[in-house]
Amino acid sequence: MYIDYEYYKCKCYVKLSEDDFPEYLFNATQAIDNITRYRVKVLGLNKFPDWIQEQFKQALCAQIDYYCEFGLELSLAGNTADSFTVGKVSVSSGSNKGDESLICPKVITLLECTGLLDRSVATLDHFQVGY
């Protein structure tokens with residue numbers, strides 16, 4: 001677990017109950033671990049410089065807020081339903097929900113300067129530096 005409820009609450013993000021927090025944290029952690037190619041999960045957050053640790057934690061909070069805003073089903077279905085039909089009855093929310101990305105745009109902004117979003121693959125090429 002990268003953050004706890006107290007850290008989340010301290011950052012003055014969306015008000016989420018302590019009871020709901022673990023479910024949102026679990027889904028947000030999965031999303032962030034996925035886009036960072038599990039680097040933090042494998043190495044451990046404490047292996048990174050303090051500023052990267054803070055960026056990572058803030059990104060996690062932002063993803064939790066994103067799920068609070070657009071619904072946790074976004075992590076499961078990829079988007080939220082703005083209409084549905086059952087038999088002859090059709091219901092539409094009239095909102096623009098449905099065009100959301102799976103990842104909060106703020107998460108990308110917070111993590112892109114850390115190098116954690118790098119999608120390159122390590123090779124044993126002698127021209128590649130840093131392996």
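Helices are DSSP runs of H or I with at least four residues, numbered from the N terminus. In this predicted model, helix α2 is followed by R37, which has a positive phi near 55°.

**Helix α2**
- Helix α2 has 15 residues. From its first C-alpha to its last, α2 reaches 21 Å, close to the 21 Å expected at 1.5 Å a residue.

**Loop between α2 and α3**
- R37 lies in the loop between α2 and α3, and Y38 is placed in the loop between α2 (21-35) and α3 (39-43).
- Most residues other than glycine have a negative phi.
- R37, a residue other than glycine, has a positive phi near 55°. Y38, also a residue other than glycine, has a positive phi near 60°.
- R37 counts as partly exposed because its relative accessibility is 34%, and partly exposed covers the range between under 20% (buried) and over 50% (exposed).
- Y38 is likewise partly exposed, with a relative accessible area of 38%.

**Nonpolar surface patch**
- Y38, V42 and L43 make a nonpolar surface patch of about 320 Å².
- Residues in such a patch must have over 30% relative accessible area; Y38, at 38%, is therefore over that cut-off.

**Largest nonpolar core**
- The largest nonpolar core has 34 residues. Those with the most contacts inside this core are I3, Y8, F21, F56, I64, V107 and L111.
- The elements that give two or more residues to this core are α1 (5-10), α2, α4 (50-70) and α6 (105-112).
- Helix α4 gives the most to this core, with 10 residues.
- I64 touches I3, Y8, L16, F21, Y24, L25 and A28, leaving out residues up to four places away in sequence.

**E73 and N27**
- E73 is found in helix α5, which covers residues 73-77.
- E73 and N27 are 46 residues apart in sequence and 10.0 Å apart in space, C-alpha to C-alpha.

Notes:
Residues are numbered from 1 along each chain as its sequence is written. This is a predicted model: local features need pLDDT of at least 70, side-chain atom pairs count only at pLDDT 80 or more; totals for chains, interfaces and linings use all residues. Side-chain values use heavy atoms; hydrogens and water are left out. Patches are made of residues with over 30% relative accessible area and no salt bridge: like charges are joined within 9 Å, nonpolar side chains (Val, Leu, Ile, Met, Phe, Trp, Tyr) within 5 Å. Accessible areas come from the Shrake-Rupley method with a 1.4 Å probe; for residues, only the protein chains shown count as cover. A salt bridge is a side-chain nitrogen of Lys or Arg within 4 Å of a carboxyl oxygen of Asp or Glu. Buried means under 20% relative accessible area, exposed over 50%, partly exposed in between (1.4 Å probe, protein chains only). The expected span of a helix is 1.5 Å times one less than its number of residues. A nonpolar core is a set of buried Ala, Val, Leu, Ile, Met, Phe, Trp, Tyr and Cys residues joined through side-chain atoms within 4.5 Å. Contact means heavy atoms within 4.5 Å.
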